Amino acid sequence: NDDQGERPTIVAIHGWTMGDQRVNSLAFMPGLLYTLGCNVALVELPFHGRRRPEGLPDADPLFPSVDPVRTCVAMAHALHDLRALAAYLSSRGHSRLSCVGMSLGAYVAALWASVDVLRRVALLMPLVSMGDMAYELLEKRLGAEAATKGGATRESLRDLFADHYPLSRDPQTAQESIMVVRGKGDQLVSRGQIAILRKAWPRARYLWADGGHGAPVKRGETFARMTDFLLEKGE
């Protein structure tokens, strides 16, 4: 709605395989955020939702995937899309941009915050280091010795995804304007991922929520604290 440019605008980025905007609407509750005073833009990541090639089974993920080249190129494409969206919104008078990302979307949001100044950023159950997560998955499946013999060391996997690692630079968005939410029972994103983030961005706000990987999706204290944070006054 271009006559409401003074309202803060929240760009919401979904998680891995969450391409259906009906599901994303349940997760981010754009109608509720709108009634609270925000404009909301729901984005679709590359190879998700309507951007996914037709005819492929849903069980075949394309981004991220076992193809590191496609993963890195798609991540660059995702960041390009967000910066193009920001330029478009700014041209229509919507310059007070915040971002909320979930899981993979939180990784993309952190990458965006590392290169551009955003008003507020909420990272929900964030994936932080693709290299570390890939190593942890291989270690769990093959064992540390077998993974290392195959050349998949933690360092080599970090190097593989280094081009889009969000913590490779100081964020352009102030750390104090970043909130990180993790479910206490999250079985998908390890505590080690959050430890990496806390070491790099110690001045961000950290919130532990009851529940698992979808903890902040519920209307409750966590969701209320997140929305209060996104609506805080000040730049």
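Biologist: Which residues touch the most other members of the largest nonpolar core?

Modeller: This is a predicted model. In its largest nonpolar core, of 40 residues, they are Ile13, Met75, Trp112, Leu123, Leu197 and Trp201. Several elements give two or more residues to this core, including strand 1 (9–13), helix 3 (68–91), strand 4 (121–124) and helix 8 (191–200). Helix 4 gives the largest share, nine residues.

Biologist: What is Leu123 in contact with, leaving aside its neighbours within four places in sequence?

Modeller: Contact needs heavy atoms within 4.5 Å. Among the partners of Leu123 are Gly101, Ala106, Ile178, Val180, Leu197 and Trp201. Apart from this core lies another, of 21 residues, and Phe223 and Phe229 are among them.

Biologist: Why is Leu32 called partly exposed?

Modeller: Its relative accessible area is 24%. Buried means under 20% and exposed means over 50%. The value for Leu32 falls in between, so the residue is partly exposed. Leu32 lies in helix 2 (residues 30–35).

Biologist: What makes Arg50 and Glu44 a salt bridge?

Modeller: The rule asks for a side-chain nitrogen of Lys or Arg within 4 Å of a carboxyl oxygen of Asp or Glu. Here N to O is 2.8 Å, and the side chains meet in a salt bridge. By this rule the count comes to eleven salt bridges.

Biologist: Are Arg50 and Glu44 buried or exposed?

Modeller: Arg50 has 70% relative accessibility, so it counts as exposed. Glu44 has a relative accessible area of 13%, so it is buried.

Biologist: How do you know that Arg158 and Asp132 meet in a salt bridge?

Modeller: The N to O distance is 2.8 Å, and the cut-off is 4 Å. Arg158 lies in helix 7 (residues 154–160) and Asp132 in helix 5, so the pair ties together parts that are 26 residues apart in sequence. Asp132 has 3% relative accessibility, so it counts as buried. Arg158 has 39%, so it is partly exposed. A network of salt bridges links Asp132, Glu136, Arg154 and Arg158.

Biologist: What is the span of helix 5 set against?

Modeller: Helix 5 covers residues 130–142, which is 13 residues. From first C-alpha to last, helix 5 reaches 18 Å. That is close to the 18 Å expected at 1.5 Å a residue. Met130, Gly131, Asp132, Met133 and Tyr135 are buried in this helix. Just after the helix, Gly143 takes a positive phi of about 95°.

Biologist: Where does the charged end of Arg198 sit?

Modeller: The charged end of Arg198 sits over the ring of Tyr206, 4.5 Å from its centre. The distance limit is 6 Å. Arg70 sits over the ring of Phe47 with its charged end 5.9 Å from the centre.

Notes. Residues are numbered from 1 along each chain as its sequence is written. This is a predicted model: local features need pLDDT of at least 70, side-chain atom pairs count only at pLDDT 80 or more; totals for chains, interfaces and linings use all residues. Side-chain values use heavy atoms; hydrogens and water are left out. Helices (H or I, at least four residues) and strands (E, at least two) are DSSP runs, numbered from the N terminus. The expected span of a helix is 1.5 Å times one less than its number of residues. Buried means under 20% relative accessible area, exposed over 50%, partly exposed in between (1.4 Å probe, protein chains only). A charge sits over a ring if NZ of Lys or CZ of Arg is within 6 Å of the ring centre and within 35 degrees of the ring normal. A nonpolar core is a set of buried Ala, Val, Leu, Ile, Met, Phe, Trp, Tyr and Cys residues joined through side-chain atoms within 4.5 Å.
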